[in-house]
Amino acid sequence: MPQSINRTLCLLFAALALCVISRAADTQPAKSPTTSSAGMRLLPNLEYADVDGKSLLLDLYLPDPTDKPAPVILYVHGGAWSGGDKHDRTAVALVAHGYAVASIDYRLSQEAIFPAQIEDCKTAVRWLRAHARFYGLDGAHIGAWGSSAGGHLVALLGTTGGVADLEGPAGNLDQSSRVQAVCDWFGPTDFLKFAEQAKEAGIAGQPDSPKSPMSRLIGGPIQENKDKTEKANPIAYVNKDCPPFLIMHGANDPLVPVAQSEILRDALEKAGVEVKLEVIPGAGHGLGGRAVLASVEAFFDKHLKAANPAPATRPAVGTP
């Protein structure tokens with residue numbers, strides 16, 4: 001074969017290979033450095049959306065691959081909607097029990113007011129479903145877990161599964177943002193009743209003031225913006241199609257009155273939704289310990305670990 005023809009064929013094959021690589025890059029999520037430890041792999045800083053030039057990231061903790069996809073827990077950090085980040089490792093303990101955990105960052109109230117925060121949570125759920133095959137996830141079984149402000153957001157995620165106005169414009173809108181189970185740790189559920197309940201519980205503070213975390217989230221004093229505030233209340237959306245809830249609250253919480261969890265439980269029960277409220281004796285605004293985590297694990301096991309999930313099609317993360 002003449003040398004010029006051979007060279008032309010080589011160039012054609014190289015161009016074809018570049019085309020294939022380019023197409024693969026368009027259809028697969030960007031790779032992220034993997035950190036491995038016993039029974040767990042961490043893929044940090046995965047971008048699940050870009051909103052107005054801001055990159056929204058999550059850390060994905062994966063269990064060792066098996067022949068079945070891993071059910072997923074979306075973890076939403078607390079911090080009064082104005083602090084905290086995805087490095088909260090509260091949920092990571094469940095990776096050892098076969099769960100994938102996605103801990104997310106979301107836009108804070110000083111960056112964007114409500115509904116930006118719930119839009120980001122819903123966008124993250126849709127991203128996880130869209131990339132479930134690639135990461136070996138069970139996209140049909142996604143639970144949500146959060147504490148304090150994160151508890152509010154996961155409760156809202158659970159009660160607004162069919163609310164199109166809160167989906168947001170970013171990414172994978174062909175996927176569902178519904179979750180199959182919610183673990184709400186001491187999240188506010190009705191901002192408009194918060195001040196009265198806090199007073200009855202002896203909790204200091206001025207939740208209705210313009211500088212309160214709830215007012216900063218809404219973009220103005222909550223009692224002067226009742227329509228906007230109502231849209232941020234998880235309790236306003238409760239319906240029979242909500243997923244099962246586990247609500248946990250410290251009996252001595254000095255920031256969020258237990259009554260906020262009680263009224264959500266009552267509303268879910270009235271709608272016919274499976275719900276359990278555990279008030280933890282002696283606990284404040286924060287939970288932990290083996291017994292508490294065992295309750296959370298048992299709850300997610302019941303609702304996320306289906307008897308026969310579909311086989312995992314991509315057990316090895318990052319394999320083209």
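1. A residue is called buried when its relative accessible area is under 20%, exposed when the value is over 50%, and partly exposed in between, with a 1.4 Å probe and only protein chains taken into account. Ser261 has 0% relative accessibility and therefore counts as buried. Ser261 sits in helix α8, which spans residues 258-271, and, leaving aside its neighbours within four places in sequence, Ser261 is in contact (heavy atoms within 4.5 Å) with Phe186, Ile247, His249 and Leu277.

2. Please keep in mind that this is a predicted model, in which local features need pLDDT of at least 70 and side-chain atom pairs count only at pLDDT 80 or more, while totals for chains, interfaces and linings use all residues. Residues are numbered from 1 along each chain as its sequence is written, and side-chain values use heavy atoms, with hydrogens and water left out.

3. The protein chain has nine helices and nine strands, taken as DSSP runs numbered from the N terminus (H or I of at least four residues for helices, E of at least two for strands). Of its 320 residues, 51% count as buried, and among contacts with a separation of 6 or more, 77% come from residues 24 or more positions apart.

4. Helix α4, residues 149-159, is mostly covered, since 11 of its 11 residues are buried; among them are His152, Leu153 and Thr159.

5. The largest pocket holds about 330 Å³ of space, where a pocket is an open set of points on a 1 Å grid over the protein atoms alone, fitting a 1.4 Å probe and having protein on both sides within 12 Å along at least five of seven lines, and where lining residues have an atom within 4 Å of a point. Of its 18 lining residues, the closest to the centre are Phe194, Pro213, Met214, Leu255 and Val256. Helices α5 (191-200) and α6 (213-218) each supply at least two residues of this lining.

Key:
Grid points are joined across faces, edges and corners, and a volume is the space filled by probe spheres set on the points.
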